[in-house]
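Here is a short tour for anyone who likes to check geometry residue by residue. Please have the sequence and the 3D view open as you read.

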Amino acid sequence: MKKFQSTIILLLLATVLYAQVRLPKLISDGMVLQREVPIKIWGWASPGEKVEIKFIDSAYSVAASDKGKWQIMIPPQNAGGPYKMEISASNKITIKDILIGDVWVCSGQSNMELPMRRVEPVYKDIIANSSNKYIRQFYVPREYCFTERKEDFSDAKWTEANPQTVLDFTAVGYFFARELYDKYKIPIGLINTSLGGSPAEAWMSEEALKEFPHYYEELQKFKDYSLIEKIRKSDSVRINNWFTALRRKDEGYKNPDTPWYSTALNTAGWDSIAIPGYWTNTPLEGTNGAVWFRKEIEIPESADKSSGLLILGRIVDADSVFINGKFAGSVSYQYPPRRYRIPEGVLKPGKNLITVRVISNIGNGGFVPDKQYELFLKDTTIDLKGYWKYKTGAVMPPLESQTFIRWKPGGLFNAMLAPLFNYKIKGVVWYQGESNADRPVEYRRLFPALIKDWRNNWHQGDFPFLFVQLANFMEPDSEPSNSNWALLREAQTKALDLPNTGMAVTIDIGEWNDIHPLNKKDAGKRLALAAMKIAYDEELVFSGPVYKSIRIEGNKIIIDFSHTGGGLVCKGNQLKHFAIAGADKKFVWANAEIKDNKVIVWSDEIKNPVAVRYAWADNPEGANLYNKEGLPASPFRTDDW
C-alpha cells in the first residue's frame with residue numbers, strides 16, 4: 001500500500017512539474033526588449049494551460065498549444081525601465097530589471113568575440129568608468145548542432161556593464177553600444193553570438209546552404225553523430241599521443257634535479273638567437289617540437305620587486321614560462337597576448353632568470369616581431385628584446401590540426417542563432433571574413449546569401465545589417481600584387497548593394513602581425529556611425545570614400561567617389577597605394593593627386609592606362625585617402641582580372 005501511495009505521489013509531482021510554465025533564457029532578469037515594435041514573449045507549459053502576463057499596467061493571456069508552446073504579443077513600447085513582468089500559470093515567474101531600448105545582435109568570428117579583457121591594457125580608463133546599467137550583454141554559449149534548430153540555449157543570462165562584467169563583453173560591440181548610448185541615451189542590449197574561427201557557412205540555415213551544394217552536403221554528413229564521435233576520438237588520441245611523446249622526449253625535463261628552467265642549470269653549450277623573430281632563416285627553421293629559451297636580466301637593488309608583469313608579445317604556437325625556476329603560466333595557442341603576472345617574492349635584486357619553453361606544432365614557430373617584450377615593475381621597465389640562449393628539447397613531426405567540427409556548415413546557425421529568432425531586434429553588427437579569405441570569390445555570393453537568410457528567419461524585413469571590412473594584416477608588399485584579402489574586402493563591399501547595409505572600413509587600424517588588432521574602439525565607432533545613418537536616420541557622414549566611376553583622359557585616369565563628405569583629403573604629403581595598368585594587366589605604382597574632389601592617377605610607365613587599383617593588398621600599408629571627416633576610403637579595383 002505504501003509503495004502504491006508513493007507511486008501516486010511521484011506521478012502527481014511529475015504532472016505538476018511538467019505543467020509549470022517555462023521561459024527561454026533570453027526572457028530573464030535584466031533583459032533589454034526592443035522598443036517601438038510588437039514584443040513577443042514565449043515559452044512552454046502544459047498543453048492547453050492558460051498563461052497570463054502582467055507588464056506595465058496591462059495584462060495579456062493565452063492558452064498553450066497542444067504541444068505545450070505559447071506566445072503573447074505585447075504592443076509596442078517606448079524606451080524606458082526598469083520594469084518587472086509577472087508570468088503566471090500553475091506557477092508564477094517574476095522577471096525583474098527589464099529595460100526597453102534597442103537590441104543589437106553582435107556576431108561573426110574572433111574579432112567580434114574578442115572580449116574587453118583582451119584589450120584591457122589599451123582601454124584601462126574606459127573599463128574603469130564602464131558602469132552603465134543601460135548597456136547590457138546576453139552572452140550566447142558556444143555550441144553547435146547539425147540535426148535540428150534549437151529552441152533555447154543551454155545556459156545564458158543578461159549582464160549590465162561595469163568594470164568587472166564588461167571584461168567579458170564583446171569589445172567591438174561594447175564600443176558600438178557606448179557610442180549609441182552616448183548619442184541617444186536609450187538602453188542598448190547586445191546579444192553576443194560569435195565564435196572564433198567560424199566561417200560564414202557555419203552561420204547559415206540548411207535551406208540557404210542548398211545554393212552551395214558542397215556545404216549542404218557537408219551539413220548532411222555531420223548529422224551523423226557517430227561520425228562526429230569518431231572524428232573527436234581520433235583527433236583526441238592523435239593529439240594526446242603527440243604531446244605525450246613530446247613530453248617524454250623533451251631533454252628539458254629528463255633530469256628532475258636540473259630541468260632546463262632551473263637556475264642551477266649550466267647553459268655554456270647553448271646557442272644564442274635574437275628575440276623577437278620568427279624561426280624562418282634561422283637554425284631553428286622548420287623545427288617542430290619543444291625549444292627552450294633562457295635570458296638573465298639584472299634588476300636594480302632600488303627597484304620595487306614586490307610584483308611584476310611579464311609581457312612576451314605573442315608566441316607561435318604555445319609556451320610555458322618560468323621565473324627564477326618557478327612556473328609563471330602558459331598559453332596553449334598562438335593568438336592571445338602573453339601577459340604573466342609575477343607574484344610577490346619571486347623576483348630578487350641582481351640576476352633573475354626568465355625561461356620560456358616554446359612548442360611549435362607545425363610550420364615555423366617564433367616570437368612575433370613588433371610586439372612588446374618587457375618586464376614591468378612598479379618603478380622600472382626592463383627591455384627583454386635582444387639575444388637569448390636557446391636549445392632544442394625535442395624534435396617532433398608536424399602535428400596535423402584537429403577537425404573543428406563546430407565550424408562546419410549550419411551548426412552555429414542551429415545552436416547559436418535559431419533560438420534568437422523570436423526576439424525582436426534593432427539590427428545586426430557583424431565582424432567576419434578572415435576564415436573565408438581563402439575563398440574570396442565565393443564570398444561574393446555567400447555573404448549576401450547569409451544576410452538574406454537571417455532577414456528571412458527573423459521576419460523583421462530588411463533590418464539594418466552592419467559589418468566590418470577586413471583590417472590590414474600580414475607583411476606589406478613592396479610591389480602591386482594580387483591578394484585574397486583584397487578580394488574578400490571587395491566581396492564585402494558588393495554586399496552594400498543590399499538595402500539597409502553599412503560597412504566600417506578598417507584598413508588603417510589593423511596590425512600587420514596580428515589578425516586580432518587591439519583598436520576595437522574605432523571599429524565600434526565606425527559601426528555606430530553607420531547605425532546612426534541607416535538605423536536612426538541621422539543626416540551625417542557615416543562612410544569613407546567609395547569608388548563610383550572612372551574616365552580615362554590620355555595617360556590619366558580620373559576617379560569619382562561617393563561618400564566624399566566634406567571633401568577628399570590626403571593624410572600625408574602625397575597619396576599612396578594607387579596602382580595603374582595598361583592592357584597587358586601589369587600594375588605599377590602610380591602618382592595620384594586630389595583635384596576638384598576627384599583623384600587623378602597616372603604613371604609615366606603607362607601611356608595607355610585601362611585600370612586602376614587602390615589599397616589592393618593584404619596589408620595596404622600607407623593607404624591614405626580619406627574624407628575630411630577622417631573616414632578612410634574603401635579599397636577598390638576597376639578591373640575584373
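## Charges over rings

The charged end of Lys556 sits 5.0 Å from the centre of the Trp602 ring, over that ring. Such a placement requires NZ of Lys or CZ of Arg within 6 Å of the ring centre and within 35 degrees of the ring normal. Arg455 likewise lies over the face of Phe463, at 5.8 Å from the ring centre.

A word on the model: it is predicted, local features need pLDDT of at least 70, side-chain atom pairs count only at pLDDT 80 or more, and totals for chains, interfaces and linings use all residues. Residues are numbered from 1 along each chain as its sequence is written, and side-chain values use heavy atoms, with hydrogens and water left out.

**Helix H12**

- Helices (H or I, at least four residues) and strands (E, at least two) are DSSP runs, numbered from the N terminus.
- H12 covers residues 520–534, and its end C-alpha atoms are 21 Å apart, which agrees with the 21 Å that 15 residues should span at 1.5 Å a residue. The expected span is 1.5 Å times one less than the number of residues.
- Of the 15 residues in H12, 11 are buried, where buried means under 20% relative accessible area, exposed over 50% and partly exposed in between (1.4 Å probe, protein chains only).
- Among the buried residues of H12 are Lys520, Arg526, Leu527, Met532 and Ile534.
- The cover over the buried residues of H12 includes strand E7 (92–108), helix H2 (110–113), helix H4 (171–184), strand E24 (427–431), strand E25 (465–468) and strand E26 (501–504). Contact here means heavy atoms within 4.5 Å.
- Asn519 caps the N-terminal end of H12, with a side-chain oxygen 3.4 Å from the backbone nitrogen of Lys521. A polar contact is a pair of N or O atoms within 3.5 Å; within protein, one must be able to donate a hydrogen and the other to accept it, and residues adjacent in sequence count only if both atoms are side-chain atoms.

**Helix H4**

- H4 has 14 residues and reaches 20 Å from its first C-alpha to its last, close to the expected 20 Å.
- Buried residues of H4 include Tyr174, Phe175, Phe176, Leu180 and Tyr181.
- Lys185 follows H4 and has a positive phi, near 55°.

**Aromatic pairs**

- The count comes to 44 aromatic pairs. Rings of Phe, Tyr and Trp (its six-membered ring) pair if their centres lie within 6.5 Å; planes under 30 degrees apart count as stacked, over 60 as edge-to-face and the rest as tilted.
- Trp104 and Phe176 form an edge-to-face pair, 5.1 Å centre to centre with 85° between the planes.
- Trp104 belongs to strand E7 and Phe176 to helix H4, so their pair ties together parts that are 72 residues apart in sequence.
- Trp104 is buried at 0% relative accessibility, and Phe176 is buried with a relative accessible area of 0%.
- The rings of Phe293 and Phe367 have their centres 5.1 Å apart and their planes at 85°, so this pair is edge-to-face.
- Phe293 lies in strand E13 (residues 289–299) and Phe367 in strand E20 (residues 366–367), so the pair ties together parts 74 residues apart in sequence.
- Phe293 counts as buried at 0% relative accessibility, and Phe367 does so at 1%.
- One aromatic cluster includes Trp203, Phe413, Trp430, Phe463 and Phe467.

**Strands and a hairpin**

- Four strands form an open sheet in the order E31-E30-E34-E36, with antiparallel pairing. Two strands pair if DSSP finds at least two bridges between them.
- Strands E31 (587–589) and E36 (636–637) stand at the edges, each with a single partner strand, so one side of each is left without a neighbour in the sheet.
- Strand E34 (residues 611–614) pairs with E36 over two bridges, and Tyr614 stands opposite Phe636 in E36.
- Strands E32 (residues 591–595) and E33 (residues 598–602) run antiparallel and are joined by five bridges.
- Ala592 stands opposite Val601 in E33, and the E32–E33 hairpin has two residues between the strands, with Asp596 taking a positive phi near 55°.
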